[in-house]
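The structure comes first, and the report follows.

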Amino acid sequence: MNEIRVSSWDELQHQMFEDSWSPDIGRFRSRYAFRGLSDANYRLETTLMRLGGCFVELEPHLLRNFKKYAHRSVVERDSLWHWLSVAQHYGLPTRLLDWTYSPFVAMHFATANVERYHQDGVIWAVNYVKAHQLLPGKLKRMLEQEGANVFTVEMLSAAIHSLENLDALSSHDFVAFFEPPSIDDRIVNQFAFFSVMSDPARTLEDWLEQQPDIWRKIIVPAQLKWEIRDKLDQSNITERVLFPGVDGLSHWLKRHYTPRN
């Protein structure tokens, strides 16, 4: 089954690190992307989708005006993928989804919102290597030539120059995972990367339903959240580390001192 409901901290650790052994290199190196959400009912919808209305038609207008008004110094290069990365990082609705390589960072986001402690949380785990086996030939070859498992913005920029190029690359929907530039310490500390669907109108969740061998949906029961949260805090997986600066410090202190009842 793809949906797994854990019942203890130990079981959660087992699920998060399952399949992490890589026999080809003799190391424990998980090939999963993790995404933690405070409510198990939340879908894998992009911020662009959550705009509602004719959101697909709005996408190029959002990006064009972001590029027009943002300072040029916020991107390394003037390419679609640099702009999308910066836009997502600063809160513009895009077709990107945030992921992390770190199981513990995903646990943090599943338990950070104390107002959702009455709801089950969820951690999605998607095998990005297997997902990339379903890419169009052009993109698969690029990964093979680079000896890489995920894309960089430079790699995608060399292959896809516009949203129209991306949409037209294949008649079959696909998902690509890529690492953003290290814009600031937040990206680095969260061990973050992004996914992008070729069709902005289709949720990754719908696509995954057709690929049952590449993902798991780990349900975190509401009654387990306090234990997970306290153990993450003890391990220094907090807003103070993941969101460096006064904002992160304030969010950590507010949550840390919120009474359980």
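How many nonpolar, polar and charged residues does the lining of the largest cavity have, by class? The lining has seven nonpolar, three polar and two charged residues, where Ala, Val, Leu, Ile, Met, Phe, Trp, Tyr, Cys and Pro count as nonpolar, Asp, Glu, Lys and Arg as charged, and the others, Gly among them, as polar.

## Basis of the report

This is a predicted model, in which local features need pLDDT of at least 70 and side-chain atom pairs count only at pLDDT 80 or more, whereas totals for chains, interfaces and linings use all residues. Residues are numbered from 1 along each chain as its sequence is written, and side-chain values use heavy atoms, with hydrogens and water left out.

Rolling a probe the size of a water molecule over the atoms shows where empty space is left. On a 1 Å grid over the protein atoms alone, a cavity is a set of points where a 1.4 Å probe fits but cannot get out, while a pocket is an open set with protein on both sides within 12 Å along at least five of seven lines; lining residues have an atom within 4 Å of a point. Grid points are joined across faces, edges and corners, and a volume is the space filled by probe spheres set on the points. Helices (H or I, at least four residues) and strands (E, at least two) are DSSP runs, numbered from the N terminus.

## Cavities

By this rule there are two cavities of 30 Å³ or more. The largest cavity has a volume of about 40 Å³, and its lining is made up of L44, T46, M49, R95, L96, L97, S195, V196, M197, R202, T203 and L204. Two or more residues of this lining come from each of β5 (96-100) and β9 (192-197), and β9 gives the most, with three residues.

The second largest cavity holds about 30 Å³ of space and is lined by E59, L62, L63, L84, L92, P93 and T94. Helix α2 (residues 55-69) gives the most to this lining, with three residues. By class, the lining of the second largest cavity divides into five nonpolar residues, one polar and one charged.

The largest pocket has a volume of about 950 Å³, and of the 36 residues that line it, the closest to its centre are G36, H108, F109, A112 and F243. The elements that give two or more residues to the lining are β4 (32-37), α3 (80-89), β5, α4 (103-111), α9 (185-189), β9 and α13 (246-256), with the largest share, five residues, coming from β5. This lining divides into 14 nonpolar, 13 polar and nine charged residues.

About 280 Å³ of space lies in the second largest pocket. Of the 19 residues that line the second largest pocket, the closest to its centre are D19, R31, N127, V129 and K130. At least two lining residues are supplied by each of β2 (21-22), α5 (128-132) and β10 (215-220), and by class the lining has seven nonpolar, five polar and seven charged residues.

## Helix α2

The end C-alpha atoms of α2 are 21 Å apart, which agrees with the 21 Å that its 15 residues should span at 1.5 Å a residue; the expected span is 1.5 Å times one less than the number of residues.

The buried residues of α2 are F55, E59, L63 and F66, buried meaning under 20% relative accessible area, exposed over 50%, and partly exposed in between (1.4 Å probe, protein chains only). They cover an arc of only 90° around the axis, which puts them on the same side of α2; the arc is that of the directions from the helix axis to the C-beta atoms. These buried residues pack against α3 and α8 (163-168), with contact meaning heavy atoms within 4.5 Å. The face of α2 turned away from the buried side carries the exposed residues E57, K68 and Y69.

## Single residues

K217 lies in strand β10 and, at 13% relative accessibility, counts as buried. Not counting residues up to four places away in sequence, K217 touches N2, E3, I4, A40, V122, I123 and W124.

F191, in the loop between α9 and β9, has a positive phi of about 50° although it is not a glycine, and is partly exposed, with a relative accessible area of 46%. N236, in the loop between α11 (225-234) and α12 (239-242), likewise is not a glycine but has a positive phi of about 70°; N236 is partly exposed, with a relative accessible area of 38%.
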